[in-house]
Structure formats: C-alpha cells, structure tokens
Amino acid sequence: MITNKADIIARLRQDLLALQGFKPVSSTDADIGLGQINHSFPNASFPIGAMHEFISADKEDSTATGGFIAALLGKLMRNGGASLWIGSSRTVFPPALKFFDIDPEKIIFIDLKREKDVMWAMDEALKCDNLVAVVGELQELSFTASRRFQLAVEQSRVTGFILRCNSRNPNITACVSRWKVTSLPCLLNDDIPGVSFPRWNVELLKIRNGKPGSWQIEWIDNRFHHLSSANSIALELQKETG
Amino acid sequence: MARRFLVIWFRYLKTDWLTRRQPTLQKLPFVLAAPDHGRMVITATNQFAEAQEIIAGMVVADARVIIPSLQVIDDKSGLSDTLLKALAEWFIRYSPCVSVDLPDCLILDITGCAHLWGGEKIYLQNIITRLKTLGYNVRAAIADTIGTAWAIAHYGNNSGIIETGQQTKALISLPPEALRLDTETAELLHKLGLNHIGNFIGMPRSALRRRFGYHIIQRIDQALGNEEEIIYPVYPIEIYQERLPCLEPMTTATAIEIALHRLLETLCQRLKKEQKGLRIAIFKCYRIDGKIEKIEIGTNRPTHNTTHLFKLFEIKIETIEPALGIELFTLEAQGVEDVTPFQEKLWQTTSGLDNINLSELLDRFNNKFGTNHVHRYLPDEHYWPERSIKSTASLTETLTTTWKIDRPRPLQLLSRPEPVEVTAPIPDYPPMLFRYKGKLHKIIKADGPERIEQEWWLQQGQHRDYYYVEDEEGHRYWLFRLGHYADSSYQWFIHGFFA
C-alpha cells in the first residue's frame, strides 16, 4: 500500500512537471555531462527548452559565466545545429569558443545598439525551433519579458540563456533557473609555472522544482569535472608531465 | 495572308553609334580597327572615310596614306552583336517579331503591322526618320520575302517597297551579290558575264545547280518566296513587376496590406512557375500628390514564400505616409535568382545553418535593424588577434582554414586594448602586479610570452608580447607589452579576459 502511494506521488509529480513546462527528454539528449549537478534538476536532467538566467557582477565574472555557458552550449550543439548570440555590447572573441568544443562558425552573432532591440530579437529568435540555443546579453529583465521568453521556449524547445551583467535590480523572473558563476584560483603548486584549466564556482541560486546548490567544477579536455575528481586528474597530469 | 518582311541595313552601325556617343567625331573621317596577325586592320569606317575610298579590310597604315589625319579607334569584339540586340528590342514597338542578322541587319516580320501606321510607305518613312534622328544612317526595304527585301535594302535604287508578287521584276537588274551568295560564287558569276540576276534567274535549275552548287538554288527560292526562311525573333527580358491601380485613393494601413498581399501573390505565383525566388524587392506607392513612397526588403536566400515576404514588408508598412491617398501600387523584384528546392528530411533532429526558418529569421533582423548587425565569423590566416577572424554575411560560406587552438585565446576580447600600469621584472618575465581601472591585481600564475609580430605588409607597428596571467582571485587576463623592453617607449595593455 505504501509503495503504491509512493508510485502515485511520483507519477503525479511527473504530471505536474509536464504541466509546468518540463517536457520529459529523451535519454540521449539528457546527459550533458554535468555530473552531480544533475541531481538538482527536475527529471534529473538539465532542462532543455527552458530559460536560464545567469547573473554576474563584473567583467571578470561575466567572462567566467560566458565560459560556463559556452561549455553548456558546446554540449547542446554536439549533434550539429546553430545558435544565436545576441547582445548590445558583445566582446566575445569567436576563436575562443573552439576551446569549449563549439564550431565558432555555427554561432551567429547579432549586435544591436539598444536593449529594446535585443529583447525583440530574443523574442523572435526563441520562437525559431530550428535553433539549438539563444544566448542574450541583457542588463535588466522584467518579469513580463521573462515570462514571454519562457512561454516561447516551451513551444519551440530552444534553450535560452540570459547573461545579466551589472544588474541593478535582481528581480524575480519566470526563468526556470538562476545561476551565478565565479572563477576560482587554479590548483597548481607554486613551483609549477603556467596557468591551468578554467575553474569555476557554480552556484545554482534558484531552480524550479529542483534543489539549489553550489559546486566547484573544472573544464578539462572538453568535459566538466567536479573538483574532488578534478583534483585527482590534475595530480595525474602532474605525474605524467613529471 | 501574304507575309511581309522589312530588312533594315545599318550601313555604318558601329561608327554611327560611336558618333552618337562622342559628338566630337561628327564630320571627321574615322575608322575602327582591330589587330589581326600583328597589323591593325580596319573593321568599320564612317561615311567620310568611305568617301575617300577607305574600306573595311584595309590595313590602317595604308589608310593613313590616303588620310594622314585619320582617327583610329580600337574595335571591341561582339560590339555589333550587342548593338543590334539592343536595337532589336527597341524595334519591338514596330513589330513583335524582330530578328538580328549579323553583321549589320535587322529583319522584321511586319505581317499585319504596317496598317497601324497608315500604310507601308508611312511605316517605312517613320522608321527611317526615327533612326536618322538617333543618328543612324540606314537603308530599308519591304518585300514578300526576306531575300528580296535584303537585296533591295543593299542594292536597290527605288523606294524600297516591293509590292506583293513583284519579286522577280525587282531583282532582275540587281547584281548577283544581292542574293546573299558567298563571294566565290558571286565572283564566278561575274567572270562568266552574268552580271545581273536577270541573266541567270531563268536558267534551268539543274544547270545552275551543277555549276554553282545547291546554295544558289536555295537563295533564289528564298528570294522568290518558293522556300520558307526561318528567323529567330528576339525576346526581351521581362522584368518581374506587378501593378495594382486603385479606383479610389487608398489611405488606410489595411488597404495597403491588402494591396501588398495581392501583388505578392501574383508575383510569387509567377516566380514559382519559373522556379525563381527574389532577393530584393521594392514596394512603391504612387500618391495622388505625385510623391512616391517606397519600402525595400532583401532576403538571405531566394524565396517565393508569400507569408515570409509579407512579414518582412509588414514591419515597414507603418513608414508609408499615404497623405491624401495612394492611387497605384507596384511591386518589383529587382534581384531574382534560381531557387534550389529545399530537401525535406524525415528525421529532422537538429539542423545546421542551411535552413529556411533560420534564414527567414535573419531576414527579419536585417530588415528591422538594417545591415551590419548580423555577423558570422570565419577564421582568417593571420596571427594578429584582431585580424584572425573575418566577418561574413553569408550563411553558406565554408571554412577555408581551420580554427587554431594551439595558443590560448581569451573568451572576451576588448575591441581596443586598454593601457594598464604594470610592475614587471626584467626583461622577459611576466608582470608581478598590474593596475586596471583603479584596482590592483597581484599576479600569481602566468604563461607566456607569446610574441605576435605586426604584419608589415598590412600595417606598420611594433610587436606584441602576450602573457596569460591569473591573479589571486582566480581571474584571468590577457596582457601584452607593446615593443621591446629595451626601448624606453614600451607600454603595457590589457586585451582580453579568459573564462
């Protein structure tokens, strides 16, 4: 009887998720290599076809955030497909995207002067179901606009990323998640010269129907590594190189 | 109904055309010449040069003996072809069936056309006068057959109109060349004393054929109308334009939308039938006060999709000011290309750049924001960071070289390097401290230098020594020193941020 109840609750939860816009994803698309972060997501997989909001305070942090987004984008685009990167003061250097396993020629950059135009372009782009993802650089995002975007992606199954730098008003939005990514100092010992792989402190501040959390991850060899495991890899690499 | 043909012979086609373009050449003897076996040979003369017995085929040096001040202008190959084609298209106002007869004739099938001008005489006069005002000196003749008309135009003396069935009479006194024979046959006829067509036209056909070949029989038959001659008419290129006049002047946006819809539908239907798609289209509204309001759109790939094109125009409809009303709408496709049908896929999981929806989305961006907002980047073979990418507007352009990832490149690159204050040990070590925007960064880890030389064939300047550095908080920067450490004028800059 008890197991029965648990089953029913699990099924009802699934139904609720579907009603809230989390469509069940096929197993091949599901895993984008985020490891234990997956446990925080509903359905235990990164929400595709949803809006993700990233906030950052300064240029350095927004670069780290951009790196994390690029890494996610690379995973989403691994089966081919194109993405849009829309911004009003974009400084992304396309060749660097190659380090995140993206073919930079598959990204189309839209550079617009006004935030209003960025909003319009985002709205149009998110409705185009032939895209994999759309990244938008915005400073402010109103609740209404975010709800519009979220409703659009629920139809088109495009994944939307919004990069908010220097936002004056961290208001509530209809996005499925809110992230904050900051960079971490590298792990190498003082006597080893050079700079190691990118390392980030990834905080999932909000996630609808999931558990927020905080992780330290490293981007090595086109894969995410959680810091505990990354540690050992770095040590192994040290051993290899002597 | 008897067929009637008009042959117009442009006696000085190229030189008349040149005189028209350069009025200074008027009343001067000049020739056109082209190199042939190392000599300049005259290809066309004007009437003043011809009056001094300079003819085509002469060597320029010989002609200069006759007229020392002779002007010689270079001839272009294919000139008479283009000129005649343009003239033929112009002549469609006189007859729907106009054909080019190289090197210097036009043949018009004027069956049933002349009476519209009030008879053949006025018709012919009209043509000759109009060509004369244009500056062309022509001879023209009308007859039942092309052969007779050609003969009269070139060799005839009378009015140029041969009545129906009078071919033989008209031809009798003309030389054999008038039958469009090749030079050898004509020479042979002259040698035999057959100096007029009348001398041999009555001869038995078998005898003529045995001595001069089948060609002469064919030419005689064509001139007399016993054998049909086929001409290939010129078809002018039809422009892709649709018009919609209105009974009442239109003032509302809805009316404009309806007009646009109708025009688009008819135009797209035609394009679809011809397997074409438009790249540039202009929608013009003619207002009753004489002003023309227009909106223009462009597309990434040729398309004849009415809904998509309407969407592109729709954004701009509000810019039209109808004022007192619009009486005529026109839609013109200025750029038209062949459409490659899009292959439908059964399993369309994720598609790349070659995709109709995506190009339609970009069309909308281009039309709303104007050009130069949509960028796609391809690698370019330069080490200098700013030049290592090139922007392209095309979605289909492929890579010519690979993306280089052997050296670190920052995720964010400042469009213009910003100067920073730096403390660095001598001479090639990475900096220890740097101050950027008032904040002091202590460098813990560093990689470099990577020296990138200025490409002297593109721009003068000093080299850059790049360092990839990390400060105590884990932020990563791309710094460079411009110039040699030994020079006192070196300077440090920040150029990018790493993830």
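The following legends describe close-up views of a predicted model.

**View 1. Chain A as a whole.** Chain A contains seven helices and nine strands. It has 242 residues, and 45% of them count as buried. Among contacts in chain A between residues at least 6 apart in sequence, those joining residues at least 24 apart make up 69%.

View 2. Helix H5(B) spans residues 120–134, a run of 15 residues. From its first C-alpha to its last, H5(B) reaches 21 Å, close to the 21 Å expected at 1.5 Å a residue. Its buried residues are B:Glu120, B:Tyr123, B:Leu124 and B:Ile127. Viewed down the axis of H5(B), these buried residues fall within an arc of 95°, so they line one face of the helix. The cover over the buried residues of H5(B) includes strand S7 (138–143) of chain B. On the face turned away from the buried side, H5(B) carries the exposed residues B:Ile122, B:Thr129, B:Lys132 and B:Thr133. After H5(B) comes B:Gly135, with a positive phi near 105°.

**View 3. The contact between chain A and chain B.** Chain B contributes 47 residues to the contact and chain A contributes 44 residues. On the side of chain B that touches chain A, the elements that give two or more residues are helix H14 (356–369) and strands S12 (374–379), S14 (412–419), S17 (439–452), S18 (464–471) and S20 (491–498) of chain B. The residues on this side of chain B comprise 23 nonpolar, 14 polar and 10 charged.

**View 4. Strand pairing across the two chains.** Strand S3 (residues 107–111) of chain A and S12(B) run antiparallel and are joined by three bridges. Within S12(B), B:Val374 stands opposite A:Ile110.

**View 5. Two lysines of chain B with positive phi.** Most residues other than glycine have a negative phi. B:Lys27, although not a glycine, has a positive phi of about 65°. B:Lys27 lies in the loop between helix H1 (13–21) and strand S2 (30–36) of chain B. B:Lys27 counts as exposed because it has 10 C-beta neighbours inside 10 Å, the cut-off for an exposed residue being 12 or fewer. B:Lys437 is likewise not a glycine and has a positive phi of about 50°. The loop that holds B:Lys437 lies between strand S16 (433–436) and S17 of chain B. With 9 C-beta neighbours inside 10 Å, B:Lys437 counts as exposed.

Note on methods:
Residues numbered from 1 in each chain as written. Chains lettered and ligands numbered in written order. Predicted model: local features only at pLDDT ≥ 70, side-chain atom pairs only at ≥ 80, totals over all residues. Helix = DSSP H or I, 4+ residues; strand = E, 2+ residues; numbered from the N terminus. Expected span 1.5 Å × (residues − 1). Buried ≥ 20, exposed ≤ 12 C-beta atoms within 10 Å, placed from the backbone. Arc of directions from axis to C-beta. Contact = placed C-beta atoms within 7 Å. Nonpolar A, V, L, I, M, F, W, Y, C, P; charged D, E, K, R; others polar. Pairing = 2+ DSSP bridges.
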